[in-house]
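Hi,

Here's the structure I said I'd pass along.

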Amino acid sequence: MTRCPVIPVLVIPDLSLARPIAQALVAGGLTTLEVTLRTECALDAIREMSKVEGAHVGAGTVLNGDDLARAVDAGSQFIVSPGLTPEVAAAAQRHDVPLLPGVANAGDIMRGLDLGLSRFKFFPAMANGGLPALKALAAVFGKARFCPTGGITEDNASAWLAEPAVTCVGGSWLTAGPFDAAAIEARARNAAKLAG
């Protein structure tokens with residue numbers, strides 16, 4: 001979470017784009033890449049992106065222990081899940097891989113703290129009350145740090161990053177639209193300069 005202010009949240013529809021996207025993002029200064037397990041080629045995309053020098057590639061949309069095991073086997077260096085379950089947490093411990101589980105409310109955070117976790121994905125950020133909701137939660141859970149994802153844009157990322165409990169944000173805007181390496185690198189360069 002501390003490597004970059006923005007973690008690109010990537011849906012890779014075509015394996016041939018995996019390495020060029022990773023190269024453009026890394027060239028722009030974003031080295032932590034989350035590949036969501038939402039496409040047939042996602043695991044192969046993780047393998048390809050991991051070959052890019054400087055890329056720190058993890059899997060997102062990990063829903064269960066089997067997903068996690070397959071992601072680790074593909075080379076994932078970290079795991080992001082949309083929610084928090086004991087199964088996913090236990091699988092992450094078994095595989096000794098960092099886990100960033102999704103939380104939406106105080107109960108989720110309390111369960112995570114009970115499991116020894118203190119870093120969370122606040123998801124879906126905007127649908128769950130946006131920055132005011134996260135500030136209210138952060139006031140109660142002082143040791144927790146968050147990566148808001150879901151509705152984070154180039155326009156509002158700075159406001160989120162200004163919140164002390166926010167270590168980084170996740171965003172899909174970096175690769176939006178048809179593939180354009182120069183545009184992705186430029187967006188990544190702008191995002192890498194964001195700070196709270």
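Helix α1 (residues 18–27) and helix α2 (residues 42–49) have axes that come within 8 Å of each other and cross at roughly 50°. As for handedness, α1 passes α2 in a right-handed crossing. On the α1 side, A18, R19, I21 and A22 do the touching, and they meet A45, E48 and M49 in α2. Sorted by class, the residues of this contact come out as 5 nonpolar and 2 charged, with no polar ones. Bear in mind that this is a predicted model.

The largest pocket has a volume of about 220 Å³. It is lined by 15 residues, and the closest to its centre are M1, F78, P98, L99 and L100. The lining splits into 8 nonpolar, 5 polar and 2 charged residues.

Two spots in the backbone are worth a look too:

- The peptide bond from F123 to P124 is cis, with omega near -15°. P124 sits in the loop between β6 (119–122) and α6 (130–140).
- T61 has a positive phi, near 55°, despite not being a glycine. You'll find T61 in the loop that runs between β3 (56–60) and α3 (65–73).

That's what I have for now.

Cheers

Notes
Residues are numbered from 1 along each chain as its sequence is written. This is a predicted model: local features need pLDDT of at least 70, side-chain atom pairs count only at pLDDT 80 or more; totals for chains, interfaces and linings use all residues. Side-chain values use heavy atoms; hydrogens and water are left out. Axes are lines fitted to C-alpha atoms, for helices over the stretch in contact, and angles run from 0 to 180 degrees between N-to-C directions. Helices (H or I, at least four residues) and strands (E, at least two) are DSSP runs, numbered from the N terminus. A crossing is left-handed if the near helix is turned anticlockwise from the far one by less than a right angle, and right-handed if clockwise. Contact means heavy atoms within 4.5 Å. Ala, Val, Leu, Ile, Met, Phe, Trp, Tyr, Cys and Pro count as nonpolar, Asp, Glu, Lys and Arg as charged, and the others, Gly among them, as polar. On a 1 Å grid over the protein atoms alone, a cavity is a set of points where a 1.4 Å probe fits but cannot get out, and a pocket is an open set with protein on both sides within 12 Å along at least five of seven lines; lining residues have an atom within 4 Å of a point. Grid points are joined across faces, edges and corners, and a volume is the space filled by probe spheres set on the points.
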